[in-house]
Amino acid sequence: MTTAAAPPRVPEAIHRRRWAILCTLVLALLVVVLDNSILNVAMKTIATPAPVGLGASQSDLEWSINSYTLVFAGLLFTSGLLGDRFGRKRALLGGMVVFGIASLLSSMAASPGELVGYRALMGVGAALAMPATLAIIMNVFERSEQPKAIGIWAGAVGLAIAIGPITGGVLIEHFWWGSVFLINVPIVIVAVIAMVVLVPESKDPNPGKLDPVGVLLSIIGLVALIYGIIKGGELADFTAVEAWGPTLVGLLALAAFVWFEGRTRFPALDVTWFRNKVFSASVVVVGVVFFALMGVSFFGVFYTQSVRGYSALQAGLLMLPLAVAQLLFAPRARLVVDRFGVAATAAVGMLLIAVGFVGYALLGVATPIWVLIVLGLLMGTGMAHVMPPVTVAIMGSLPREKAGAGSAVNNTFRQVGGSLGVAVLGAVLSTVYRDHMSDTLNQLPAELRDKAGESLEATLAIAGRMGPKGAALVAPADDAFISAMHVVASLSAGITVAGALIAWFLLPRRSAAPGGPVGQGADQPDHSRPTVPADA
């Protein structure tokens, strides 16, 4: 007796252009994620007084980054819900248009305050677009091809994070500071045109009633939590009321959100999803991976530029091995999963990342630079074998009509993990550095001690202003930073090993079927097919 093959879930007209659609989504993804890392290179120029820069203070610089992160993370979940309800293509197009306009305004900002405001608007656009990219992938690819498509999607995220400093370095060397934002505009225009022509509309056919209370609680909780994390990292002190106060408010709001969602008839988020250990473990692993990625990006830049003396562009190029490894291996991770299963693939990938951190814990002032390249390849390979399978596991744990909400949860944990990585590891780095420099800094005039102890960059700046006498600060500062980096790298390695254990014990031993709830077979009905335009 033969069983009839399951009918295709994606209309033929959409299926034929699926790879072109993916290329369009990757273009949108690149420009949104790239902006998280490209600005770092322009910080020094923006701090320069006009007409070269804006004369931004240290606080202005921090909030030009943080305003984007805060709005982006706070609205991710809500944006995914809006995409499911009103159409993912609409959310994607709206997000890209807002992002492009805000990028243009940022490039023309006349003051630090304007730049902070326009960066927040860019965060709104990014939050609308990001969840829609993954949700659309789930609706234009058949189940058999979803792991490969998600692998390319995940590889593009890693590539964007790594090439941001390179792109920024090239632009700053040849143009003015606003070029790091203006470069987004032509990319957005091309992407929007391609989206209008290629991307089909899809939405949840039965979205239920709106849940304004749940949406409001999620925004308050995420914004307050991320703000507290950012503030703690900024102050290098999470015991300060400015840090733990907002963090506590955020946690209470999120707890209230979970409580309310479990009792309302039409929840914005079905909290029963988290009873599924595959879903819960996967989002935790996503957070840990981005904690690691943003952490190594954070202290790696200071090591290469401040300790080793490389330019911003050269430091960016040293991030390329990590990006290249992700780009090469992420689309092929499905082959490893098919052979060894999700749990083994993700756990070994996490262990490779942990080994990379151990390597950072052994770096010195004069370590051959090829060692850093090898570590980048090792960590990139590990990340490439973690992100695609766990993303497939997340999306495969949910009904396909909830792809936007699932993508939003995935991206929210990614953003929270990255913010924690920068804030927590940055605070530890700063604290250990200051402790190791205390005896040396006590020899400075009282008015210079606090400023010189803020960071390696601050110490070197003070040393430069002191002339020949300041030369005595350089070697102790380098040694103190290396010691602090070793502590941070060891902490990161331990956290990543914990992530590997979570992956090994809680993720499925075999591949999860994407596109529907765990256990849903390919022969079961799917009512979430994309809306087919009349001219498709």
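**Salt bridges and a few helices**

Mentor: This is a predicted model. The count of salt bridges comes to 2.

Trainee: Which side chain does glutamate 145 meet in a salt bridge?
Mentor: That of arginine 18, at 2.6 Å from N to O. The pair links distant parts of the chain, with glutamate 145 in the loop between α5 and α6 and arginine 18 in helix α2, 127 residues apart.

Trainee: Is arginine 18 buried or exposed?
Mentor: Arginine 18 counts as buried, because its relative accessibility is 14% and the cut-off for buried is under 20%.

Trainee: And what does glutamate 201 pair with?
Mentor: Glutamate 201 forms a salt bridge with arginine 90, and their closest N and O atoms are 3.4 Å apart. Glutamate 201 is buried, at 14% relative accessible area, whereas arginine 90 is exposed, at 52%.

Trainee: New topic. Where does α5 bend?
Mentor: At threonine 133, by about 25°. Helix α5 is also mostly covered, with 21 of its 29 residues buried.

Trainee: What span should α5 have?
Mentor: At 1.5 Å a residue, its 29 residues should span 42 Å, and the end C-alpha atoms are 42 Å apart, which agrees.

Trainee: Which side chain of opposite charge is nearest to aspartate 478?
Mentor: Arginine 308, 8.7 Å away. Aspartate 478 is buried yet has no salt bridge. This aspartate 478 lies in helix α21, and the residues it touches include Ser306 and Leu456.

Note on methods. Residues are numbered from 1 along each chain as its sequence is written. This is a predicted model: local features need pLDDT of at least 70, side-chain atom pairs count only at pLDDT 80 or more; totals for chains, interfaces and linings use all residues. Side-chain values use heavy atoms; hydrogens and water are left out. Helices (H or I, at least four residues) and strands (E, at least two) are DSSP runs, numbered from the N terminus. Buried means under 20% relative accessible area, exposed over 50%, partly exposed in between (1.4 Å probe, protein chains only). Lys and Arg count as positive and Asp and Glu as negative; His and the chain ends are not counted. A salt bridge is a side-chain nitrogen of Lys or Arg within 4 Å of a carboxyl oxygen of Asp or Glu. Contact means heavy atoms within 4.5 Å. The expected span of a helix is 1.5 Å times one less than its number of residues. The bend at a residue is the angle between axes fitted to the seven residues ending there and the seven starting there. Lists of a residue's contacts leave out its neighbours within four places in sequence.
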